[in-house]
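Hi,

Here is the structure I said I would pass on.

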Amino acid sequence: MAERLILHLDMDAFFAAVEQRDRPELRGKPVIIGRPGPRGVVATCSYEARRFGVRSAMPSVTAERLCPQGIWVRGRMDLYGEVSHRIFRRMTEEVPVVEQVSVDEAYGDLTGFCPGFPEAETLARRIKEHIRSEERLTASAGVAACRFLAKVASDLEKPDGLTVIQPEQAQRILAPLPVRVIPGVGPRLAQRLAVLGVAAIGDLERISLARLNQEVGPATAYFLKQRALGEDDTPVEPHAGRKQVSEERTYGADLRGHAEVERELFLRAEAIAAALRDREVLARAVTLKIRDNAYRTVTRTHTLEEPTDLAMDLYQHALALWRQAAEFHERGIRLLGLAAKELITENDVTPSLFPDERRARARSVARATDALREKFGEGSILPARLLPKKPK
Ligand code: TTP
Ligand code: MG
């Protein structure tokens, strides 16, 4: 395979960093995101708390013991989702192929876009600068010839790091790292490797393939040997990591009544449908999330008969889901989220036996509208229902 150029970007202490940004009194302090007490776990924590040994996924009681002065914050998931959405949408303006793999992490494929490592490094620096100036947050980036090495690279100089691993440096850098840094090596596989005396990636490289085969089977053995050499031919696929396109809004003033809710759902459906068309994918399911002002939340999903990228389809299903949630109709609504899920590409769609004229027309109108909006701005075309009401 021709040499590739892959970028990995990972936000630093993501949830905790957002809290420290928005609440200056938390800066420089050991902030722990999660719920304290016997049933809680740590989602993440600031770098100040990490000095005490606090880590993600640790039981809260352990974290409380290690860091009694820790400041516990419940976390605002909706907000982190919104920040994440902005960051990675911005990244797609800079990088042609982006695959977001978690709330704070994405890969970019720069092959054929950047001529070489130096240009890729410059681009990574620019993306980090955007995140700093637009979101006042730091990210760490790695650049290498494959996904695995790019991820290792972004981890090497956290926080606020930027690391390039050239192919000839790979094995030397990998050798001392624990096998657990290989994505796909969980605690159980690590345990079996430990039995063979394999703890670091360097050990993996040295052990014979035959011995490895015996213990973990040929497929895993081959995979591990590849990684030990710093090889990973997994492609960066824009839609692979994106299992859904969603829009969520928290309202400062509660929404009340069908009309207000329906208007919001329509706006969300429009935005999601445009994003689906932009990415050339179709949704096979629609999920509606509703939260009232007492924080009671419900999430409901409809599966569609025909996959769609049309606002009217998404809206109709959202509306049906809202109608079903009768217990919320009299309440003040604090949050609405709409998601298009089970995304597929158009190639995956079996063509209907009888092409539906009405839908075909609606899609060509939608595409024309997308083009006009791109040219003249978001507000240039509004559906009639969203125009200000004229006095009669
Ligand atoms: P990570 O990128 O693993 O962690 P991080 O961004 O907080 O810290 P780092 O600087 O080491 O990258 O995860 C991203 C977010 O996902 C994190 O801020 C909180 C959340 N998360 C959990 O809620 N539970 C978990 O077990 C982990 C690992 C992360
Ligand atoms: Mg992170």
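**Rings, charges and the ligand**

Arginine 331 sits over the face of phenylalanine 328, 4.7 Å from the ring centre. Another case of this kind is arginine 147, whose charged end is over the ring of tyrosine 107 at 4.1 Å from its centre. Bear in mind that this is a predicted model.

Now for the ring pairs: there are 4 aromatic pairs by the rule used. In one of them, phenylalanine 14 and phenylalanine 15 have ring centres 5.8 Å apart and planes at 55°, so that pair is tilted. Phenylalanine 14 is buried at 5% relative accessibility, and phenylalanine 15 is buried too, at 16%. Phenylalanine 15 also pairs with tyrosine 80: their centres are 4.3 Å apart and the planes meet at 15°, so this pair is stacked. Together, Phe14, Phe15 and Tyr80 form a cluster linked by ring pairs.

Then the ligand. Ligand 1 has 15 residues around it, and the closest are Ala13, Thr44, Tyr47, Arg50 and Asp104. By class, that shell holds 8 nonpolar, 2 polar and 5 charged residues. As for polar contacts, phenylalanine 15 turns up again, with a polar backbone atom 3.0 Å from an oxygen atom of ligand 1. Threonine 44 brings a polar side-chain atom to 2.5 Å from a ligand 1 oxygen, and lysine 158 has one at 3.0 Å from an oxygen of ligand 1. The protein covers 69% of the 560 Å² of accessible area that ligand 1 has on its own.

Cheers

Terms used:
Residues are numbered from 1 along each chain as its sequence is written. Chains are lettered from A and ligands numbered from 1 in the order in which they are written. This is a predicted model: local features need pLDDT of at least 70, side-chain atom pairs count only at pLDDT 80 or more; totals for chains, interfaces and linings use all residues. Side-chain values use heavy atoms; hydrogens and water are left out. A residue is near a molecule or strand if one of its heavy atoms lies within 4 Å of it. A polar contact is a pair of N or O atoms within 3.5 Å; within protein, one must be able to donate a hydrogen and the other to accept it, and residues adjacent in sequence count only if both atoms are side-chain atoms. Accessible areas come from the Shrake-Rupley method with a 1.4 Å probe; for residues, only the protein chains shown count as cover. Ala, Val, Leu, Ile, Met, Phe, Trp, Tyr, Cys and Pro count as nonpolar, Asp, Glu, Lys and Arg as charged, and the others, Gly among them, as polar. Rings of Phe, Tyr and Trp (its six-membered ring) pair if their centres lie within 6.5 Å; planes under 30 degrees apart count as stacked, over 60 as edge-to-face and the rest as tilted. Buried means under 20% relative accessible area, exposed over 50%, partly exposed in between (1.4 Å probe, protein chains only). A charge sits over a ring if NZ of Lys or CZ of Arg is within 6 Å of the ring centre and within 35 degrees of the ring normal.
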